[in-house]
Amino acid sequence: MASTLEKFIHSLDPKALPRVLQIQSGIYCQGSIYEMFGNECCLSTGEIIKVIGFKINKLIASICENNEISRISAKVELPLNFPGLYKVVADKTPYVSIEEITRKVSIGPTRFGHPCFYSSEDIKLANLTIKHGEQITFNSVEEVNGTMAVNCGVIRNNQSHSFTLPLSQEGKFYECEEDQIYTLKEIAEWKIPKCRNRIVKLSNTLQMWDSSNPLPENFDGCLILTPVYEVQAVMKFRKDIVHILSDLDVEVKDITDCYDISSFLQPLSLEDVFERTSKEFPMVAEIMEGPSGGQKSYNLLYAGKEIIIYKKYQATRVLASEIRSDSPKRHFLIPISYKGKFKRRPREFPTAYDLDIVKSEKEQLHVVATKAFDSPHKELFSVSVGDQFLVQQCQISEVLYEGRKKVIDVLACEQILSDTYKKVLLPMYMEGGFVEVIHDKKQYQLSEICKEFHLPFNVKVSVRDLSVEEDVLAAVPGLQLEEEITDSYLLISSTSSPMESWEIPVYRLNMLVHLLSKDVQTIVPPVTKTTVEEISEEQYYMVRRYENQTLHPPPRPPKKPAFAPNPSFAEPKEDVSHVLQTPQNFDVDTTKKLCSNQATSVLELQVSCQNDSVHRENKKDMTGKATLVETSVIKDLTNKGLGNYEAEKGEEEHNYDYVDENTIENLRQVFQGTTVRNKHASSEGRRDI
């Protein structure tokens, strides 16, 4: 039975792909134009296509007057990156079974993929009864004892109860109202059910209104979102992938069951290739669709190029992030074979507990205090800005409070004075601020750092990698090497120049190939290129999420004792109060206003990034212990840092139409009142990881 392409795609289950379609009523453009804006616009009647994938390309928004769904004033087209934060309005039409929910609603591993529903009737299970109206969270879909089921959970008295519901479970299931806010891209990916529209309410526009904005000025009503999909398809006599918008005015008929699907070229993603057995390698493939954008090293991977895929394997990379606080950070995956050299950079530590974690037997940790702390106990030391310490070890100590002795964890240190050292004790719960003083001038290979030091570790490239034309790390002022990860790669070379091979990541490179029946040499080329890969913010968090699934969380920092009053700031021993002053006339954009409470850490980072000058002031006594770094030097560097920050602020004030993900996350917290980090830090003294 024929239907419009739009209706067919809206109801198509991605698990049912691929599907073979015959064009029943074609569309033709005047003249010889067959493609517009990268999308196919001419399809002949009787033509056969194989649909291999589809995704939301844009949204058609129906504007509702006075929040009345029945009164639509206009329809506008919105790109997925259109700025704004939106609340999802719960769908009032019930789902009649768990199977329908899993077929139409996105359920996945991220926080967006856990939809919540309630049943209009009680659900009686073997060990639990789910009451009508009780919120049920859908976590994942998997096979349980040979039956497909959904892993679910309910919260009762702050306790989570897990259970499974079979897909055959019937009833009336309604969406729960939620307070979360989303971007349009997040809604498109996770919150638009198949065969249904999605109603959203605008919460924040994230930009000033102008005449180019498709929404009315001061609009605060509802939008009915209808997705327009981009369909990926293979045509009978073409080797490339064609892209077709689902709103193209054609009628199609599904003929999959009566057509030889093997007569089409079989596109394979890199994940498909990686899932093949090791015995099937090496293989020759032709690129059907190369990666879009990306790094220069991938420019050779264009449609029509033939490549040899030698093997699949796991390789080690070091995940690194740019050290800066005034804009979004850049992130990199660095191969262990990187031939550049690094010098150490100072690290920042928010608590005394962090000092205990990073201390090592190889060298003594030397730090400068950047925040004052007034101890409530005479047995413990009060810290002033500019105090310097050599960290010793963790121990326990007795303190006297209201005539009673209490035992608490403390950090034993040596305070560096002008001509001597003084043993002091710092409480482990101390919320201070410390910057490391570096005395090590050695240049390290990346492999040496991973072997000799604990990550995370701060560095700067001192000698660039001369084996590559452009070393992207050389221009980065500072890097934090965060952790070693293991990732999946394919080793490939060009059929035209098989003497050189290079690695391509399996899960971050969107590329389609089809295999060729050609003989291939089995000897791997002697020269293999490994490049530094710059990854996006989204890829960074995906890498960390998958890597951290196998890691144990770090130990919790000690809580502040209940008997201890709130510490106040101690008076600095020298006049260094301007070290932590915030800039005057702090007139900045939305992002910086939301992050204004971090101004102190910005200034502290300026201190740490100027450590080379501090090092020139360092002296060593005859015993090899570090001597006092002049406080005046720190003051001078901080003033320079403040000046630099003011200059950068002036240069970077722009009105951008589209707002970065950090701003979105900050606005989420403001809108929902979930400033978890600040509450957590104040109540438990935990370090900010």
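Over the ring of which residue does the charged end of R317 sit? The charged end of R317 sits over the ring of Y489, at 4.3 Å from the centre of that ring. The notes below concern a predicted model and are arranged by topic.

1. Charges over rings and an aromatic cluster. Besides the placement of R317 over Y489, R196 lies over the face of Y95, 3.7 Å from the ring centre. Y95 also belongs to an aromatic cluster that it forms with F117 and F138.

2. Aromatic pairs. The structure holds 12 aromatic pairs. In one of them, Y338 and F342, the ring centres are 5.5 Å apart and the planes stand at 35°, so the pair is classed as tilted. Both partners are buried: Y338 has a relative accessible area of 4%, and F342 has one of 0%. Another pair is made by Y444 and F453, whose ring centres are 5.3 Å apart; their planes stand at 85°, so this pair is edge-to-face. Y444 is buried at 3% relative accessibility, and F453 is buried at 12%.

3. The sheet that begins with strand 8. An open, antiparallel sheet is formed by 6 strands in the order 8-15-9-12-13-14. Its edges are strand 8 (95-97) and strand 14 (159-166), each of which pairs on one side only. On average, neighbouring strands of this sheet are turned by 45° against each other, direction ignored. Within the sheet, strand 9 (residues 116-119) and strand 12 (residues 136-144) pair in the antiparallel sense over 2 bridges. F117 has I136 of strand 12 as its bridge partner, and F117 is also a member of the aromatic cluster with Y95 and F138.

4. The sheet that begins with strand 26. A further open sheet, again with antiparallel pairing, has 6 strands in the order 26-31-27-28-29-30. Strand 26 (348-351) and strand 30 (421-427) are at its edges with a single partner strand each, so one side of each is left without a neighbour in the sheet. The twist from one strand to the next averages 40°. Strand 26 pairs with strand 31 (residues 431-436) in the antiparallel sense over 3 bridges, and F349 has F434 in strand 31 as its bridge partner.

5. The two faces of strand 25. In a regular strand, side chains alternate between the two faces of the sheet. Strand 25 (residues 341-344) has a covered face with F342 and R344, whereas K341 and K343 are on the uncovered face. The strand pairs with strand 32 (residues 457-463) in the antiparallel sense over 4 bridges, and R344 stands opposite V459 of strand 32.

6. In soluble globular proteins, nonpolar side chains tend to be buried together. The largest nonpolar core here has 41 residues, and those with the most contacts inside it are I9, I49, Y86, I187, L223, L225 and I244. Strand 5 (residues 48-64) gives the most to this core, contributing 7 residues. Domain 1 (2-57 + 230-263) and domain 2 (80-226) both give residues to the core, so it lies between them. A second, separate core has 26 residues, including V367, A369, L426 and F434. F434 is also the bridge partner of F349.

7. L512 lies in strand 35 (residues 512-516) and is buried, at 14% relative accessibility. Its C-alpha atom is separated by 8.9 Å from that of A303, although L512 and A303 are 209 residues apart along the chain.

8. Backbone features to check. Most residues other than glycine have a negative phi, and most peptide bonds are trans. The peptide bond from L17 to P18 is cis, with omega near -5°; P18 is in the loop between helix 1 (5-11) and strand 2 (19-25). The bond from F281 to P282 is also cis, with omega near -5°, and P282 lies in the loop between helix 4 (270-274) and strand 22 (283-289).

9. Positive phi values. N157 is not a glycine, yet its phi is positive, near 55°. N157 is in the loop between strand 13 (147-156) and strand 14 and is exposed, with a relative accessible area of 75%. C195, also not a glycine, has a positive phi of about 65°. C195 is placed in the loop between helix 3 (184-190) and strand 17 (198-204), and at 44% relative accessibility it counts as partly exposed.

Definitions and conventions. Residues are numbered from 1 along each chain as its sequence is written. This is a predicted model: local features need pLDDT of at least 70, side-chain atom pairs count only at pLDDT 80 or more; totals for chains, interfaces and linings use all residues. Side-chain values use heavy atoms; hydrogens and water are left out. Rings of Phe, Tyr and Trp (its six-membered ring) pair if their centres lie within 6.5 Å; planes under 30 degrees apart count as stacked, over 60 as edge-to-face and the rest as tilted. Buried means under 20% relative accessible area, exposed over 50%, partly exposed in between (1.4 Å probe, protein chains only). A charge sits over a ring if NZ of Lys or CZ of Arg is within 6 Å of the ring centre and within 35 degrees of the ring normal. Two strands pair if DSSP finds at least two bridges between them. Axes are lines fitted to C-alpha atoms, for helices over the stretch in contact, and angles run from 0 to 180 degrees between N-to-C directions. A nonpolar core is a set of buried Ala, Val, Leu, Ile, Met, Phe, Trp, Tyr and Cys residues joined through side-chain atoms within 4.5 Å. Domain bounds come from an automatic or database domain assignment.
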